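This report goes through the nonpolar cores, a surface patch and the aromatic pairs of one structure.

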Amino acid sequence: MSCAASRPRTKEIVDPTYPLLEANRSVIESIRRETFTYGSSDVHKLDVYYPPLPGSDGLPPILVFFYGSEDVRDAIEWTIENVAEGDSNRVFLLGHSAGGLHLASYLLLPSLYRSSSAFGRMRGAILMGVPCEILPVTKKVSVNHPLSLLRQTDDSHICSLPPVWNIMVGSEPRAISTSMRTFAREFRKRGSTVDEFVLEGHDHLSPILALSSGSGEDWSYDVVRWIMG
């Protein structure tokens, strides 16, 4: 994965009026997008983007992105059942920060993941800037964070999971980078596949905010190449 040091930090992207994104407004808004409701609450909203893929044959893979606290399973279920313009047998999941925490928990709870329609359809997962261990913790939290769930889950389930990309930034908070490295090491020891990448020059939020800015988004092209195989 490309990891050059010259990257826009969050402040450069958002301050004062998202200048890098504003410069590309026409391109960004030219991408077809629809918003759907996938549950009973007002927060159960999904933005579905249909980016053009020149030269591709057949239906493109589906990438579901989680950026915060969401009902991961329900969002995935709705997407697989309703997005007809994507290949529901080639599903990839990407979770950033809290969204990645919920995604990791979804994957590591056999009763949740194996009962979902994504089981057998998911081809890869990307965890980006994920707090895999939360300290200090209460007893309830200590048994439910991703690193603890990994240690509780049996080897057969771990081996059934698709390949994982572990992505962090060079200036990631130490608690996050340490927990992600520990998670990757233990995940690999359990027999599954995980690749680790460090995006130097970025901060915790900037890789996501850089998308479509024209600067610092080269990591996303590596993701697309991986997804497209």
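Helices, like strands, are DSSP runs numbered from the N terminus, and a helix has at least four residues. The model described here is predicted.

## Surface patch

Helix H12 spans residues 218–228 and contains Val 224. Together with Leu 53 and Met 228, Val 224 makes a nonpolar surface patch of about 220 Å². The relative accessible area of Val 224 is 42%, so this residue is partly exposed.

## Nonpolar cores

The largest nonpolar core has 41 residues, and Leu 93 and Tyr 106 touch the most other members. Helix H5 (residues 98–108) supplies the largest share of this core, six residues. Another core, of 13 residues, lies apart from it and includes Leu 94, Ile 167, Val 169 and Val 223.

Leaving aside residues up to four places away in sequence, Tyr 106 touches Val 72, Arg 73, Ile 76, Leu 93, Leu 112, Tyr 113, Ser 116 and Ala 118.

## Aromatic pairs

Eight aromatic pairs are found in the whole structure. One of them joins Phe 36 and Trp 78: the ring centres are 4.9 Å apart and the planes stand at 40 degrees, so the pair is tilted. Phe 36 belongs to strand E1 (residues 32–37) and Trp 78 to helix H4 (residues 72–82), so the pair ties together parts 42 residues apart in sequence. Phe 36 is partly exposed at 26% relative accessibility, whereas Trp 78 is buried at 15%.

Tyr 113 and Phe 119 form an edge-to-face pair, with 5.4 Å from centre to centre and 90 degrees between the planes. Tyr 113 is buried, at 1% relative accessible area, while Phe 119 is partly exposed at 35%. Ring pairs also link Phe 92, Trp 165, Phe 197 and Trp 226 into a cluster.

Definitions and conventions. Residues are numbered from 1 along each chain as its sequence is written. This is a predicted model: local features need pLDDT of at least 70, side-chain atom pairs count only at pLDDT 80 or more; totals for chains, interfaces and linings use all residues. Side-chain values use heavy atoms; hydrogens and water are left out. A nonpolar core is a set of buried Ala, Val, Leu, Ile, Met, Phe, Trp, Tyr and Cys residues joined through side-chain atoms within 4.5 Å. Buried means under 20% relative accessible area, exposed over 50%, partly exposed in between (1.4 Å probe, protein chains only). Helices (H or I, at least four residues) and strands (E, at least two) are DSSP runs, numbered from the N terminus. Contact means heavy atoms within 4.5 Å. Patches are made of residues with over 30% relative accessible area and no salt bridge: like charges are joined within 9 Å, nonpolar side chains (Val, Leu, Ile, Met, Phe, Trp, Tyr) within 5 Å. Accessible areas come from the Shrake-Rupley method with a 1.4 Å probe; for residues, only the protein chains shown count as cover. A salt bridge is a side-chain nitrogen of Lys or Arg within 4 Å of a carboxyl oxygen of Asp or Glu. Rings of Phe, Tyr and Trp (its six-membered ring) pair if their centres lie within 6.5 Å; planes under 30 degrees apart count as stacked, over 60 as edge-to-face and the rest as tilted.
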